[in-house]
Amino acid sequence: MIEIAAGKKFTENYKEKHTIDAMYGWYRYESRFALPVFNEVGEIERYNVFNVIMVIRHAKDGKMYLYDIMNIKKKRAPFSSPKTLLSKKPIS
């Protein structure tokens, strides 16, 4: 999810309670992931694709940490073989 994240948006830290843990603000990224749906025989029938927003905090130590994953929205994707799914380039 992190490697294909796009749409970086910065927000200042406005809350007193996050003065230390998000000293340098917050970042939001759009990303996606997929989970297989299996049929009764155990074969992959299709993939459920989820679009998400990842909230990253930029801490006092200068490092960035995953804080939350929100706005999870499901999209149903047609079946494609794992080779086809892996060979597609990420959305930029």
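Is Glu 45 buried, partly exposed or exposed, and what is its relative accessible area? In this predicted model, Glu 45 is partly exposed, with a relative accessible area of 39%.

The partner of Glu 45 in a salt bridge is Arg 46. The closest N and O atoms of the two residues lie 2.8 Å apart, and a search of the whole structure finds one salt bridge. Side chains of opposite charge can pair when their charged atoms come close. The pair is also described by a polar contact, again at 2.8 Å, between the side chain of Arg 46 and the side chain of Glu 45. Arg 46 belongs to strand β3, which comprises residues 44-58. Arg 46 is classed as buried because its relative accessible area, 17%, falls under the 20% cut-off. The value of 39% for Glu 45 lies between the cut-offs of 20% and 50%, and Glu 45 is therefore classed as partly exposed.

Met 1, Ile 2, Leu 66, Ile 69 and Ile 72 together form a nonpolar surface patch. The accessible area of these residues amounts to about 460 Å² together. One of the members, Ile 2, is located in the segment that precedes strand β1 (6-11). Ile 2 is exposed, its relative accessible area being 64%. This value is over the 50% cut-off, and Ile 2 is therefore not counted as partly exposed.

Notes. Residues are numbered from 1 along each chain as its sequence is written. This is a predicted model: local features need pLDDT of at least 70, side-chain atom pairs count only at pLDDT 80 or more; totals for chains, interfaces and linings use all residues. Side-chain values use heavy atoms; hydrogens and water are left out. Patches are made of residues with over 30% relative accessible area and no salt bridge: like charges are joined within 9 Å, nonpolar side chains (Val, Leu, Ile, Met, Phe, Trp, Tyr) within 5 Å. Accessible areas come from the Shrake-Rupley method with a 1.4 Å probe; for residues, only the protein chains shown count as cover. A salt bridge is a side-chain nitrogen of Lys or Arg within 4 Å of a carboxyl oxygen of Asp or Glu. Helices (H or I, at least four residues) and strands (E, at least two) are DSSP runs, numbered from the N terminus. Buried means under 20% relative accessible area, exposed over 50%, partly exposed in between (1.4 Å probe, protein chains only). A polar contact is a pair of N or O atoms within 3.5 Å; within protein, one must be able to donate a hydrogen and the other to accept it, and residues adjacent in sequence count only if both atoms are side-chain atoms.
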